[in-house]
Amino acid sequence: MTSPVRINLALQGGGAHGAFTWGVVDRLLEETGIEIAAMSGTSAGALNGAAIKTGLVEGGRQAARDKLEWLWEQIGALDDMTLPVWMQAFLPEPGLVSKSLEYSLPYVMGEALTRVFSPYSSGPFYRNPLERIVAQFDFDKVCHHHGPAFFVCATQVRSGKIRIFNEKNLTGAAILASACLPTLFQAVELPDPESGEIEAFWDGGYTGNPALFPLFEAKYPDDILVVNINPLHREAIPVTPPEIQNRINEISFNSSLLRELRAIDFVQRLLADGSIRSGRMKNVRVHMISDDALMNRLSVATKTVPVASVLSQLKLAGRRAAGAFLDNHMDDLGKRQTADLRDMFG
């Protein structure tokens with residue numbers, strides 16, 4: 001019997017659009033020829049990673065799929081997930097839902113209020129809405145030595161530096177910190193994994209979305225599969241205030257990932273021309289699953305406001321994208337890179 005191909009997963013953050021990652025991993029977990037060796041997640045990617053790890057430790061692949069479904073039920077996909085696939089065609093197109101929400105009066109007023117009031121304005125009435133969900137994770141399982149290694153990225157507020165939490169120091173507070181958008185949530189205070197001092201943390205997307213370097217250790221496989229949520233390219237120039245703000249956020253949250261991918265490409269070229277002796281540095285193979293066409297039709301509105309029909313369709317889109325990747329590149333895993341980094345930076 002052939003051993004499964006071991007890969008690392010890099011799970012990007014993107015608010016409720018992380019339901020796309022749910023669909024991708026749901027499909028990957030059906031593939032017995034693939035084993036997840038390690039994961040790095042930021043924001044929604046950290047929540048997805050915690051669900052995956054918990055399920056794999058509890059009962060394997062199906063348990064991980066069930067845990068992901070539970071997570072997104074909690075976030076908001078309550079009604080549509082039980083619909084058969086054929087009914088999804090009759091749901092409103094996600095882009096239309098996103099645009100309608102983006103220009104709705106309540107959403108516009110809420111966005112305006114974030115420019116005037118901070119999350120600290122609510123005083124003793126403040127509560128992070130994700131806290132209820134994260135508190136239900138069993139961190140003995142999230143941090144268990146069995147199953148894939150798991151890394152979570154957050155941004156230290158005072159220094160602006162990246163911080164990586166792993167099984168030694170990963171808590172519910174670290175997950176909340178990784179998903180802490182400062183205009184919506186109060187900074188999360190917890191011990192800094194490097195200094196041990198109590199520090200404030202914001203969303204990890206500012207410094208690593210997701211962080212790839214923890215996956216470079218020799219004990220992990222060479223293949224890193226990035227599940228990309230924020231579109232790298234938009235054909236249309238943003239002209240309205242919401243479109244401009246949305247693209248600023250996408251560029252900001254992709255910049256750290258692009259820096260690491262550029263570094264990987266640089267090392268690959270040095271190894272290829274013999275400037276670095278083979279074995280001195282890891283020759284990482286990058287793969288990517290995304291649906292930029294869908295994400296270009298969506299906006300920040302459906303990132304911050306979970307809409308059941310959109311979450312359900314994002315899951316289906318993720319499953320389709322993962323299925324297409326497996327159809328085209330399953331035989332490439334463990335052998336050759338499928339992401340064209342040269343073209344990405346050209």
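**A tour of the salt bridges**

Start by selecting R158, which is exposed at 69% relative accessibility (exposed means over 50% relative accessible area, buried under 20% and partly exposed in between, with a 1.4 Å probe and protein chains only). This is a predicted model, where local features need pLDDT of at least 70 and side-chain atom pairs count only at pLDDT 80 or more, while totals for chains, interfaces and linings use all residues. Residues are numbered from 1 along each chain as its sequence is written, and side-chain values use heavy atoms, with hydrogens and water left out.

Strands (E, at least two residues) and helices (H or I, at least four) are DSSP runs, numbered from the N terminus. E199 is buried, at 7%.

Next, select D26, R27, E30, E31, R65 and R319, which salt bridges with shared partners join into one network. Zoom in on R65 and E30, with closest N and O atoms 3.0 Å apart. R65 sits in helix 3 (61–75) and E30 in the loop between helix 1 (19–28) and strand 2 (34–41), so this pair ties together parts 35 residues apart in sequence.

Finish at R27 and E31, a salt bridge of 3.4 Å between the closest N and O atoms. R27 is buried at 17%, and E31 is partly exposed at 22%.

Notes:
Salt bridge = Lys/Arg side-chain N within 4 Å of Asp/Glu carboxyl O.
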